Amino acid sequence: MMRIFRCVLASATLLASQIPLARAAEQTDLLLVLAMDVSRSMDRAKFLLQRQGYAAAISNPQVLNAIESGPHQKIALCFIDWSGPFQQKLVIDWTIIDGTAAASRFGDLVAQAPRSFSNSTSIGSGIDFATAQLARAPFEAERLAIDVSGDGTNNAGPDVRFFRDQAVAKGILVNGLVILTDIESAPNPRHTNPPGGIEKYYRDNVIGGAGSFVMVAEDYNSFGRAMLKKLIAEIATRHERQRSVSTMNVQTRTTSSLSSRTWMLSAQARIGITAKGNAEQ
């Protein structure tokens, strides 16, 4: 009996030694999905301006300073293209950004990535796809966010609010960056210039979660500046303080919680917005 016990014990010990120990996922300060609209309203010039704006913002020293201010001093990003209901693509998989080299590599990949689609605009499907990327992320963070950029309303696929609400229920913050279109030159004014404006549409239908916000690029040429300010706001804002941020416009509007006014003034200074709510030019 003792011999049998020793054999079983030896076998169990050998088996245990062959099973790799599960490793804890690497901790970061933020998991952020960058979700870029590549629907048909984005002509080639607008597409390239968006790509270049994302690439430049990610590797900007101010963004890197914001990353270094976090307790883990690193964030994780992935980048997706989205258009119609069944047109979403993971362009760049999850990547740790912890310094200049990593940020530059990620930015170069964004700038060089070819266009994935050019069809209708299904914001809801884009948010759903982005939510799935967060679920499969190989890293961990207390803060999860989706950054949606676009210039028009949801005109295909399911109701955007359904997937927005699903994401928020999972603790994900959904922020928006809208690009304004001159109504006189808009090929489809009802899409890019809905009643109340595209900023209001995003605020009512797209963004969600405590502290979610919309930033506005007055045109495609100002997209890069808007993206820079948006990234800094997302990275530098701590979870417990996000309630103080509601809606930000790159050039005009900032609304803050009076109970967090002291912090908000500091945050405004970090992202280039003055106390009166006017962004520095």
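Start by selecting arginine 225: at a relative accessible area of 31% it is partly exposed, because that label covers everything between buried (under 20% relative accessible area) and exposed (over 50%), with a 1.4 Å probe and protein chains only. Arginine 225 sits in helix H9, residues 223-236. Helices (H or I, at least four residues) and strands (E, at least two) are DSSP runs, numbered from the N terminus.

A word on ground rules. This is a predicted model, where local features need pLDDT of at least 70 and side-chain atom pairs count only at pLDDT 80 or more, while totals for chains, interfaces and linings use all residues. Residues are numbered from 1 along each chain as its sequence is written, and side-chain values use heavy atoms, with hydrogens and water left out.

Zoom out to the whole protein: 10 helices and 10 strands, with 52% of the 281 residues buried.

Which of its 39 residues touch the most other members? Pick Leu34 and Phe106. Then colour the elements that each supply at least two residues, including strand S2 (31-37), helix H2 (44-58), helix H4 (100-112) and H9. H9 gives the largest share, eight residues. A second, separate core has 32 residues, among them Ala35, Trp82, Leu134 and Ile146.

Stay on phenylalanine 106 and show its contacts (heavy atoms within 4.5 Å). Leaving aside residues up to four places away in sequence, its partners include Leu34, Ile58, Leu77 and Ile92, plus Asp93 and Thr95.

Last stop: arginine 164, in helix H6 (residues 160-169). Buried or exposed? Arginine 164 counts as buried, at 10% relative accessibility. Not counting residues up to four places away in sequence, arginine 164 touches Ile127 and also Asp204, Asn205, Val206, Ile207 and Gly208.

Ile127 leads you to helix H5 (residues 123-135), where Ile127 and Asp128 are among the residues meeting an H6 group that includes Phe163 and Arg164. The H5 and H6 axes, lines fitted to C-alpha atoms over the stretch in contact, come within 7 Å and cross at roughly 20°. The two helices are therefore roughly parallel, a label for angles under 35 degrees.

Note on methods:
Core = buried A, V, L, I, M, F, W, Y, C linked by side-chain atoms within 4.5 Å. Axes fitted to C-alpha atoms, helices over the stretch in contact; angles between N-to-C directions. Parallel < 35°, antiparallel > 145°, perpendicular 65-115°, else oblique.
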